[in-house]
Amino acid sequence: MIGINTLLRSATATLALLSSVKAAPTLYASTTIGPMEITNNPRSKLDKRAIAFDYNGDKVRGVNLGGWLVLEPWITPSIFEEWSSSQTVVDEYTYTKTLGKSEALSRLSNHWNTWITQGDINAIAQAGLNHVRIPIGYWAVAPVDGDPYVQGQLDYLDQAINWARGAGLKVMIDLHGAPGSQNGFDNSGKYGSVEWQQGDSVSQTVTALENLANRYKGDTDVVAAIELLNEPLGQSLDLAGVEDFYNKGYQAIKSASSDFAVVFSDAFQDFSSYWNDFGSGLNDLMLDTHQYQIFSPEQVGRSPSDHVSAACALGPQLAGTNKWAIVGEWTGAQTDCAKWLNGLGKGARYDGTFPDSSYTGVCDGKYTGTVAGLSSNDKNNLRSYVEAQLDAYEQRSGWVFWTWKTESAPEWNMQDLIAEGLFPQPLDSRQYPGQCG
């Protein structure tokens with residue numbers, strides 16, 4: 001979540017392109033790999049000529065692997081805890097800048113090796129899901145001279161793709177951060193100002209997409225979709241420029257392989273109408289909208305039944321879109337209580353500790369805690385809310401929950417929500433049937 005320097009493209013882009021061309025991956029066992037390890041074992045390419053998932057006939061039922069290849073302080077607060085008082089490190093940019101490349105790489109390699117494992121991928125498949133959406137930053141595929149970020153993430157992305165292949169899952173690769181930051185959120189890599197669209201930042205983002213598509217054009221049996229850019233903040237950007245970038249990014253991906261679906265964010269515009277005229281003549285285009293009811297005082301002030309009603313109202317809107325449309329991020333949370341969800345050191349709107357907010361309720365058990373430790377009332381409300389969202393979002397192309405696991409944010413931890421019976425198993429079972437009519 002912050003802005004970025006002006007981008008240098010010549011030698012950097014050339015080196016990035018070379019580094020993005022991978023050898024065909026081998027199927028890994030559950031062992032870990034080094035961050036700079038190169039795999040050379042060949043795998044015969046599949047001679048296929050179609051997107052690997054039927055987005056017309058089947059529903060996307062997926063989960064995000066958040067906080068893994070792009071850091072987010074609220075998902076893994078232990079990584080940032082030593083700066084909780086000084087608040088000098090608030091995102092991956094300041095993390096790597098403060099530690100220096102050698103120490104940052106050492107620490108991040110351990111995180112990459114342990115946060116998501118083959119066991120996680122298998123558990124996701126066993127839960128009945130069919131997609132994982134994997135966020136990655138531009139710095140992993142098209143690093144820019146002068147940036148402090150470290151590389152090595154692509155080896156782990158390769159590994160996850162092979163694990164997904166073995167588990168029968170499809171992968172959506174999500175470019176989560178762009179040079180300059182497309183939204184100023186910490187999850188873009190750099191918190192603060194929105195500087196994407198300045199200098200060469202847009203062309204550098206297209207290069208990152210080009211590199212990703214070329215790297216994985218032989219893996220389209222698993223990599224069904226690539227997302228152009230996560231959550232560009234439309235109100236802070238030139239929207240005509242965003243559309244132009246979407247067109248260029250689409251062409252970059254489709255030039256590598258026609259077997260990718262191309263996903264684009266609603267950029268915080270009205271997903272039910274704003275984008276209906278976009279992409280005429282473009283095939284395999286998917287709209288991604290993110291639906292959270294917690295980031296305004298009005299939203300956190302809603303009653304549990306109001307949250308359910310608002311979720312159900314999204315169903316007909318999604319059904320009315322003229323493209324494939326997924327809710328690519330959503331949550332079971334009805335509060336913004338999770339520690340550092342609003343940024344490292346920042347409080348919550350729900351309990352009135354966030355600037356310019358007023359008290360709605362206590363964050364006990366939700367600031368940090370476990371799913372098992374939630375109150376019975378919170379558990380019932382969360383299960384009801386999750387079911388309503390599933391019913392609404394499957395009125396179009398489906399959904400991808402945020403996120404698979406967290407260290408201490410119980411309302412967001414799908415792995416534990418499933419284990420505690422708060423996320424339906426099987427996915428179409430209902431304790432609160434008919435909420436959406």
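**A close look at helix α8**

Tutor: Happy to, and keep in mind that this is a predicted model. Of the 16 residues of α8, 13 are buried, so this helix is largely enclosed by the rest of the structure. The helix reaches 23 Å from its first C-alpha to its last, close to the 22 Å expected at 1.5 Å a residue.

Now pick out glutamine 204, which lies in α8, a helix covering residues 201-216. Glutamine 204 counts as buried because its relative accessibility is 0%, and the cut-off for buried is under 20%. Its C-alpha lies 9.0 Å from that of proline 143, although 61 residues separate glutamine 204 and proline 143 in sequence.

Next, step back to glutamine 198, in the loop between β3 (170-177) and α8. Glutamine 198 is partly exposed, with a relative accessible area of 47%. Between the C-alpha atoms of glutamine 198 and glycine 180 there are 7.5 Å, and along the chain 18 residues.

For another helix to explore, turn to α5 (residues 118-126), where Asp120, Ile121 and Ile124 are buried. Looking down the axis of α5, you find its buried residues within an arc of 100°, so they line one face of the helix. Those buried residues pack against β1 (60-64), α4 (101-115), β2 (131-137), α7 (153-167) and α13 (414-419). Just after α5 comes glycine 128, with a positive phi of about 90°.

Notes
Residues are numbered from 1 along each chain as its sequence is written. This is a predicted model: local features need pLDDT of at least 70, side-chain atom pairs count only at pLDDT 80 or more; totals for chains, interfaces and linings use all residues. Side-chain values use heavy atoms; hydrogens and water are left out. Helices (H or I, at least four residues) and strands (E, at least two) are DSSP runs, numbered from the N terminus. Buried means under 20% relative accessible area, exposed over 50%, partly exposed in between (1.4 Å probe, protein chains only). The expected span of a helix is 1.5 Å times one less than its number of residues. The arc is that of the directions from the helix axis to the C-beta atoms. Contact means heavy atoms within 4.5 Å.
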